[in-house]
Amino acid sequence: MPKRSDIKSILIIGSGPIVIGQACEFDYSGVQALKALKEEGYRVILVNSNPATIMTDPNFADRTYIEPITCEFVARVIERERPDVLLPTLGGQTALNVTIELDEAGVLEKYDVELIGASVDAIKTAEDRDSFKKVVDACGLESAKSFVVHTMAEAEQAVASIGYPFIIRPSRTLGGAGGGTVEGPEEFKEKVAWGLECSPINEILIEESLLGWKEMELEVMRDKKDNAVVICGIENIDPMGQHTGDSITVAPIQTLTDKEYQLLRDGALSLMRAIGVDTGGSNVQFAIDPQTGRQIVIEMNPRVSRSSALASKATGFPIAKIAAKLAVGYSLDELPNDITKETPASFEPSIDYVVVKIPRFTFEKFQGVEALLGTQMKSVGEAMSIGRTFPEALQKACRSLETGRVGILGGVEEQTGDIELLKKQVQKLTPERLYQTARLMQLGVSEEELHELTAYDLWFLREIRKIVDVEKEISVSGIANIEEALLRSAKQLGMSDVRIGRLLGCKEDEVRAKRSEYNLRPSFKMVDTCAAEFASNTPYLYSTYDSAPESVPSDAKKKIIILGGGPNRIGQGLEFDYCCVHAAFSLKDAGYETIMVNCNPETVSTDYDTSDRLYFEPLTLEDVLAICEHESPFGVVVQYGGQTPLRLAQALKAAGVPIIGTSPDSIDLTEDREQFSSLLTELELKQSPSGTACNEEEAVAVANKIGYPLMVRPSFVLGGRAMAIITNEEELRGYIAESVEVSFDRPVLLDRFLSEAIEVDVDAVCDGDTVVVGGILEHIERAGVHSGDSSFMIPSQTLSAEVLQEIENATRALALRCEVRGLMNVQFACNKSGLFVLEVNPRASRSVPFVSKTTAVPWAKVAARVMAGDSLQSLHESGLYGDIAIHKSYRDAVKRIPYVAVKESVFPFVKFHGADTVLGPEMRSTGEVMGIDDTSAGGFVRAHVATGMKLPQSGSVFVSVRDEDKDELGPIVAKLVDLGFSLVATEGTAKTLSAGGFTVERVNKVRDGSPHIVDRLNEGSICMVINTPEGTGPLLDSRTIRSTSTQLGLPLFTTIAAAGAAVDGMELIAQGQGFEVCSIQEFLQLL
Amino acid sequence: MSNQKNKAQRKRALLALADGTVYEGVSIGAEGETEGEVVFNTSMSGYQEILTDPSYAFQMLTFTTPHIGNVGVNEEDVESDRVHASGIIVRELSEHYSNYRATGSLDDYLKDNNVVGIAGIDTRDLVLHLRSSGAQMGIISSEDVSAEELVARAAALGSMEGRDLAAAVSTQEPYDWKEGTWSLGSGYKEYDDAELDKRPLVVAIDFGVKRNILRLLIEAGLRVRVVPAATSAEDILALKPAGVFLSNGPGDPAAVTYGIQTTRELIGKVPIFGICLGHQILGEALGAPTFKLKFGHRGGNHPVRDERNKKVEITVQNHGFATDASSVPDGVTITHLNLNDNTVEGLEVVESKLFSVQHHPESSPGPRDASYLFEKFYQLIESNKSTSVAS
């Protein structure tokens, strides 16, 4: 049965901004699906609010709506486009939730839109605990003993029957928000109340604890003829109790007999049938009692997921692509296996290697939050690695994390030898647990005892023991006399040269030289879905220390290696992957053989058909050099993957690897404070007064010279790690004491903080002779908020033509002087005293996708060609980029943009209970959204709604602003009053407002006693909060206000500018015309 | 449970192939020397079931999954009374194991069964080699013998073609089977005679039968008597069976001439169900010869389509020969095809009440998509009983 011919157009809903629990795996899935459906000739309509995605590139769908993923906006799209069908299973929980809303609101029925992939009933049954449990029972499977409760009283009854510890699982939340383990009665009230609060339908499940059980996942697929297959089984090394997104996992399953595995397989397939997933993929999770083998079904997701992306990368089987084809009527046996081409997709991949996935955490960004893991997902990204054995894959995964980790050992866990302390630590669920366990092994604790303490399966512990044992042997050896056999076993256990060097007391390159002497090099093997049973022509490769090489490099003369960005983290995520993917597309089009190196399974860059060859490898010097030696490329691109590949640039160059684009020396020039200062002086550009210091006393002296407030940070940073605004000496001393730990051998940088300044991001491309400015982005927040967290818009709304010209001139001068070849990002601040250069980054920046999407120029593609040697002029002539960019002047070009696009950031504060939500120089957002409209207020509202926030239409607004903001507050509150809002404020702000003639209700500060503002927030009588805090000290009062607002999901504005933009938007909503929707393709045609 | 042995203490071992390829690794299981056809299996679970499958007689098994031995061995996961594979080739033998049902390590189990093996070789490279050069004879040796000598001896072993291995692995005496299938928590179900006596009798001709086939015949509602491979049709019919089952087994089907002859004489007289070698023998008896595949099908992930309803089943496979589709005579329906290479996976003659499949619906190890075929056999027997009574 071929594809359906009764449908012409298909609506796909994306997953929106990157948040914890929903990251770029849905861009990967979406891109695969869009390609698959377009290839079948369907008209595809996409809604996704995230401009950094590849899927929202205008050429991937016929119509792309970068609009909020809410019932209201998607309904408008449906009304306008009249799609025949909606495929809701590719955009994560967000898409499923909005699909249910659309159904409940009658929109699907009204416009006769058929759901394909999964029915509303199937989605609801899988989501609803009670109905799911019934289906599990009906399949003859077992669920954990549990009760669905809606009130505290019901919860008490449930616990009386289940006992402690028990688990809370709120219904319909992302990544398990609000979930957790309740150890004893003392935690009952707080955790149950919080769980109920987090569920949009105030429903939680109270469940028997399966802590310490094995956790397994199966990725399954089914077609409309009821053919069903398991794509991959995944075993969690971290036992039950830790969200699977936060667990280290391994594929294939290692510790089950076939009899047990087939029970899981039968169970998963019968569940999928019973739930009614007619076509597509699902993820089924099981817990297994390690003592008895008893199997419990945990949950099922009737859609593609983070795990399905992982399973696709782990096996080579493109789940999302196949799911899309199945949804339009194909059956599995009608589709080819993409990797072998010869055999059909109706099979179950067999893999002859081991895959390890390891989560990446960023607790350091959220001060005051303990790094504890549980049933709620906290990780922001993940790395995957492939090896022939578990220890090899595990250690490759550890060094793929890019946290400085060199293997399972060698991190902070080695700083203590206190066995008792470590034993206490390993009993807590933290990101460090497995390393601490290995450390204990190193200190002589037995695997049996560690198994008792941690519940890690003995098989994994004993495999780790192999590493510990070989490390011990190496540490008593020396670089001069280490035997070949020992070095070989170390490499086969995945040990990095860095780690071996540390154990031997020598440098990494000496180990490399020794390996070379023994001719000990990795061989590259293929991921082929079939354990070598059939020939594969898709070069999807991994390295391993096995005897025979398999992959032979092509004899292409023009090969370019693109180094990716590694695991997602705050400060380095989807935006950089977007750039890498564009580089691959662009260079492939230009006739180069493109080679991608990356270790992030969530990404489009690690899809096997993005580049000509894919190396799924850690991005360390050792691993990248091995690939370069194997491939002998014409050039290597280090500027697109963020800080990760940049860090390698100098060492790669020193090893003779040809870096194309801006030279590593130029990159260093912009990072070196002194050189850069003199360069600015030479160009007659201004910089705020600054200095560097290597210790506390030096810092105080420098600070006294340049004056407070100060912006301080360690050198070499991305995402503003450990940056702070400091207002006095005491804060400075405190900061130095902490930040020295962050970067021990690098000085601290101090800048005079520019107050009252507008910050501007500029993205430009330079070929050595010509500089084209791609976008000048005006930030909405004042300077001081990290540019990754700021909202900004294009075209700029308040900068004068003269200032724009000055920015453009400065950008040109900087690009030429820094000898940039490719992309460059400059950050400026401008205030009454003029234009200041904040920093220059001669690399791809986070704003490139946004600028490309709003100016219709694929900047990353253009710059990739420039790096490969083409001139901007010739690229323009070849038609790679259109009219808007040829203008000699951005100022003139931008006048032709008849719309305003606003970018807003999305923050994970709700996952980090107690973290302060005030924005500052340390980046903490996980993702971004875009709103595009005729007006800036309209763009802002769309962006704001897209972040998940609802702007209120009536009620009381709480206002508390710092002194500097009080002048700007007047017009904002005036508009609020006009809109019918009432004002609530604490003393200081209330006084100002009264003096300005506003009616305001005074409320106590927390320290003044109840009833105070936090009480008011909790009772629900405040609908919006404007709170711009004073300084950066731990002002507990305002911090409690902010974190309470965040947890309650109230609109909260911590900068006066954002508040102003929001109120403008609320005015627009109040005018009541509703929002028209328009596709990005139509917008871009206006240019 | 901790059974730590240092790799360094293991003896060096060589794997020599008939075409001159030699791999060096370490000895696992019993020390010494072994020979057989070198084949590979891509299943990711169930090594103990695979090793004890009599169809692997005179074959040295390469596991493509790198870690083998993780869950140890136990007394339940066996498909016969001993290891039948003549050798084992793995990338990484797990010297420790972890599973609540495990009673010992794979290494000790191999020693107890006197099975010679080799570990620490690049099994993927070996598989790539077998894929391009074809399955061939080989020798594993931990003795002090030169590679050249081993290669010469391997080359002298000839081919699998023409070898009847069924007679050697078949039971010598008939016996009744009473065990049902395994379930979690309660193990295998034992049936008592009183219950079994009421059921229709199936005579299973043992060419190297896997126990799970017998278990599933029992679960389907049948009584099972297993007879030696060389039992004559006359002797079988004397037992008045309601159906005859032709089992799986090792070697070249064409060489099992007595089995083919017996089957020929049974066709039309009693419902017949054949699996794997049994399927090939049935094909030969119906006039469809077999041919040797380049490297065979061995794994748990092969898609097989029922050409009548176009449904795909994921099947377990273990065969080096296949029925030649082009010579299947008129009147015999090719019911199933392997979607990877379009080879014959099932035959049926409705009028003669017989059917067979090339794959292993009994799984163990592997997916159980096709286990309904045992029920189908039961139905066939029941329908025959009623028509027989009617006639």
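Two exercises on a predicted model follow, each with a worked solution.

Residues are numbered from 1 along each chain as its sequence is written, and chains are lettered from A in the order in which they are written. In this predicted model, local features need pLDDT of at least 70, side-chain atom pairs count only at pLDDT 80 or more, and totals for chains, interfaces and linings use all residues.

**Exercise 1.** Describe how domain 1 of chain B meets domain 2 of chain B.

*Solution.* Step 1: the domain assignment, automatic or from a database, places domain 1 of chain B at 7-155 and domain 2 at 166-383.
Step 2: the C-alpha centres of these two domains lie 27 Å apart.
Step 3: 23 residues of domain 1 are in contact with 26 residues of domain 2, contact meaning that C-beta atoms, placed from the backbone, lie within 7 Å.
Step 4: on the domain 1 side, strand 3 (33-41), helix 1 (47-51) and helix 3 (123-133) of chain B each supply at least two residues. Helices (H or I, at least four residues) and strands (E, at least two) are DSSP runs, numbered from the N terminus.
Step 5: strand 3 of chain B gives the largest share of that side, three residues.

**Exercise 2.** Determine the strand order of the open four-stranded sheet in chain A.

*Solution.* Step 1: strands pair if DSSP finds at least two bridges between them; the order is 23-26-24-25, with antiparallel pairing.
Step 2: strand 23 (690-693) and strand 25 (724-726) of chain A are the edge strands, each pairing on one side only.
Step 3: five bridges join strand 24 (residues 710-714) of chain A to strand 26 (residues 748-752) of chain A, and A:Leu710 stands opposite A:Arg752.

Notes. Contact = placed C-beta atoms within 7 Å.
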